[in-house]
Amino acid sequence: LAKLDAEKADAVRGAYLDGYSYEELSERHNVPLNTMRTWLRRSLLKLRECLSA
Amino acid sequence: MSDFGDISGRDEDEFLVAEYALGLLTPAEYDVLGNRLRHEPALRADLRFWRSRLSSLDNEFAEVAAPAGVWPAIERRLFAERSAARTGFWNSLNLWRGFSAVAALVAIVAIGVNVSTPRPDPNAFAAQVVAALSAQGSNVSVVALYNTNTGRLRLTALSGDAVPDKDYELWAIEGSDAPKSMGVIAVSGSKEMSLTPDELQGFGAGTTLAITLEPKGGSPTGKPTGAIVAAGKATQI
């Protein structure tokens with residue numbers, strides 16, 4: 001998680017730890033919902049690479 | 001999804017699983033994936049992967065001591081509200097005591113009424129008195145059924161012709177007493193009537209019921225004036 005952008009890591013944390021939905025995340029980070037989904041998926045992809053390594 | 005040009009197929013599934021683990025799916029997507037998870041072991045493996053890896057995030061919850069003012073504030077809120085509310089109408093002890101007393105009284109009365117109300121006697125249905133009314137030379141034929149439970153007399157005309165400007169009148173005769181009028185009746189269809197206390201007097205098995213043809217509106221004298229067109233003795237059945 002430390003390897004992610006601070007903001008993107010925060011989004012993953014928000015979803016996992018705080019149970020935010022995409023709607024809530026996109027509002028919190030002030031980005032469109034689709035962008036939020038792309039963000040999060042990229043972060044997950046990165047996360048998976050880091051985690052499986 | 002065109003948003004993810006570099007992401008497709010197998011990866012798309014894996015994202016869905018990750019989003020499932022994160023609780024990011026819409027309820028509809030959640031259900032669809034839930035179904036697929038039951039049938040696709042590969043997806044279940046992905047889910048295990050994400051759940052175990054994401055659980056490392058749990059450590060990001062740091063234990064934090066609550067600020068000093070929190071506990072007194074909670075107590076204040078709980079107990080201040082409770083003692084304030086205690087004086088409220090709905091929390092009045094007398095209100096609930098009174099309410100339960102009233103409820104108990106209602107229950108007692110209801111049980112009492114229930115117990116003291118006589119159940120219909122199953123044998124009572126048979127306690128009926130029947131009379132078949134007919135006479136030679138007349139086509140008037142009536143069955144009278146008296147229900148001793150309801151005190152109602154049902155007259156069913158089996159045959160008989162209405163006569164212009166005349167009415168049929170029903171009489172009850174007890175032994176050698178004068179016939180008692182029970183009113184004008186029709187000789188078609190079925191009709192139920194309640195007997196008046198006077199009519200009920202002595203009425204029962206052994207009573208003779210008779211029908212006479214009377215002027216319109218019934219006998220003007222209170223005694224039968226016309227010919228008897230049908231008669232029969234009431235019998236207990």
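1. What share of the 53 residues in chain A is buried? The answer is 43%. Keep in mind that this is a predicted model.

2. Chain A is helical in its assigned elements. It has three helices and zero strands. Read from the N terminus, the order is α-α-α.

3. Next, the contacts of chain A. Take those with a separation of 6 or more: 34% of them join residues 24 or more positions apart.

4. Surface of chain A: the accessible area is about 2800 Å². Carbon and sulfur atoms hold 46% of that area.

5. Aromatic rings come next. A ring pair is described by the distance of the centres and the angle of the planes. Over all chains, the count is three aromatic pairs. Two of them are taken up below, both from chain B.

6. One of the pairs is B:Phe49 with B:Trp50. The ring centres are 5.3 Å apart and the planes meet at 80°, so the pair is edge-to-face. The cut-off for that label is over 60 degrees. Both B:Phe49 and B:Trp50 are buried.

7. Another pair is B:Trp96 with B:Phe99. Here the centres lie 5.7 Å apart with the planes at 80°, so this pair is edge-to-face. Both residues sit in helix α5 of chain B, which spans residues 93–116. B:Trp96 and B:Phe99 are three residues apart, about one turn of the helix.

Methods. Residues numbered from 1 in each chain as written. Chains lettered and ligands numbered in written order. Predicted model: local features only at pLDDT ≥ 70, side-chain atom pairs only at ≥ 80, totals over all residues. Heavy atoms only, no water. Helix = DSSP H or I, 4+ residues; strand = E, 2+ residues; numbered from the N terminus. Buried < 20%, exposed > 50% of the residue type's maximum accessible area, 1.4 Å probe, protein only. Contact = heavy atoms within 4.5 Å. Areas by Shrake-Rupley, 256 points an atom, 1.4 Å probe, with all protein chains shown as cover. Phe/Tyr/Trp six-rings, centres within 6.5 Å; stacked < 30°, edge-to-face > 60°.
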